[in-house]
Amino acid sequence: AAVASAAHRLLDQIKKLPGTDENGRIDAAALAAWLAEVRRLCHEYARATIGDHCLGQLLARAPEGENGIWPCEAVCEAMEGIASPEIGEGFHIGVYNSRGVHRRGEGGAQERELATKYRAWAERLHFDYPYVGGVLEGIAASYEHDAGWQDSEAKIKKRLRY
């Protein structure tokens, strides 16, 4: 349990994706090799599921690509090569957590804006990276759901005021 906890903390504290050079470019082969080794070790120690969740959260910290699409191509290639549902879940969690503290407006306009952004990236990635496009589409759908919930909450609060 102590080793698993230490490994989780280590993955959680990584600030720069493995394979990143001094110019901020990510070597896709180096990243893929590192991910394969971490996944092998997690599987060996019966921590495959949580390991993939942590890796997904780490990959969610990826930079935007030179083409303006997020995540960058190296991360898309790595995720597509693995296509693990657990990495996708971790990625989704990482995206939600990266939003941090934010001010609430009335209704779900903020969430709809985020859904539009993630859906646009998903549409641009679907052909070359269908797994990544699907993960981003899931994030967009989740933000749309949240927007509906926020709209309902705003209507309820408005009715209760009068």
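Predicted model: local features only at pLDDT ≥ 70, side-chain atom pairs only at ≥ 80, totals over all residues.
**Entry 1: helices α2 and α3**

I began with helix α2, residues 28–44. I looked up how its axis runs against that of α3, and found that the two axes come within 8 Å and cross at roughly 155°. An angle over 145 degrees counts as roughly antiparallel, so α2 is roughly antiparallel to α3. I noted the crossing of α2 and α3 as right-handed.

Next I listed the residues that meet. From α2 they are Leu31, Trp34, Leu35, Val38, Arg39, Cys42 and His43, and from α3 they are Ala48, Gly51, Asp52, Leu55, Leu58 and Leu59. By class, the contact of α2 with α3 has nine nonpolar, two polar and two charged residues.

**Entry 2: helices α3 and α5**

I then turned to the other pair. The axes of α3 and α5 come within 6 Å, and they cross at roughly 45°. This pair is therefore oblique. The crossing of α3 and α5 is right-handed.

On the α3 side I wrote down Thr49, Asp52, His53, Gly56, Gln57 and Leu59. On the α5 side I wrote down Glu86, Ile87, Glu89, Gly90, Phe91, Ile93, Gly94 and Asn97. The contact of α3 with α5 divides into four nonpolar, seven polar and three charged residues.

**Entry 3: His53**

I picked His53 out of that contact. His53 sits in helix α3, which spans residues 48–59. Is His53 buried or exposed? Its relative accessible area is 17%, so I put it down as buried. Leaving out residues up to four places away in sequence, I found that His53 touches Glu86, Glu89 and Gly90.

**Entry 4: Glu80**

Glu80 belongs to helix α4, residues 73–82. I found a relative accessibility of 22% for Glu80, so it counts as partly exposed. Which residues does Glu80 touch, not counting those up to four places away in sequence? They are Tyr129, Pro130, Tyr131 and Val132.

I checked two of these partners in more detail. Tyr131 is 51 residues from Glu80 along the chain, yet their C-alpha atoms are separated by 5.7 Å. For Val132, I found the backbone nitrogen 3.2 Å from a polar atom of the Glu80 side chain.

**Entry 5: the loop between α4 and α5**

Two residues in this loop went into my notes. Ala83 lies in the loop between α4 and α5. It is not a glycine, but its phi is positive, about 50°. Its relative accessibility is 35%, so I recorded Ala83 as partly exposed.

Ser84 is also placed in the loop between α4 and α5. With a relative accessible area of 4%, Ser84 is buried. Its contacts, not counting residues up to four places away in sequence, are Arg39, Asp52 and Tyr131. I also looked up Ser84 against Glu111: they are 27 residues apart in sequence, and their C-alpha atoms are 26 Å apart in space.

**Entry 6: two other loops**

In the loop between α2 and α3 I found Ala46. Ala46 is not a glycine, and its phi is positive, near 60°. Ala46 counts as exposed because its relative accessibility is 62%.

Pro71 is in the loop between α3 and α4. I looked up the peptide bond joining Trp70 and Pro71, and found it to be cis, with omega about -5°. I noted the background for this entry: most residues other than glycine have a negative phi, and most peptide bonds are trans.

Key:
Residues numbered from 1 in each chain as written. Heavy atoms only, no water. Helix = DSSP H or I, 4+ residues; strand = E, 2+ residues; numbered from the N terminus. Buried < 20%, exposed > 50% of the residue type's maximum accessible area, 1.4 Å probe, protein only. Contact = heavy atoms within 4.5 Å. Polar contact = N/O pair within 3.5 Å; in protein donor to acceptor, adjacent residues only side chain to side chain. Axes fitted to C-alpha atoms, helices over the stretch in contact; angles between N-to-C directions. Parallel < 35°, antiparallel > 145°, perpendicular 65-115°, else oblique. Left-handed = near helix turned anticlockwise from the far one by under 90°. Nonpolar A, V, L, I, M, F, W, Y, C, P; charged D, E, K, R; others polar.
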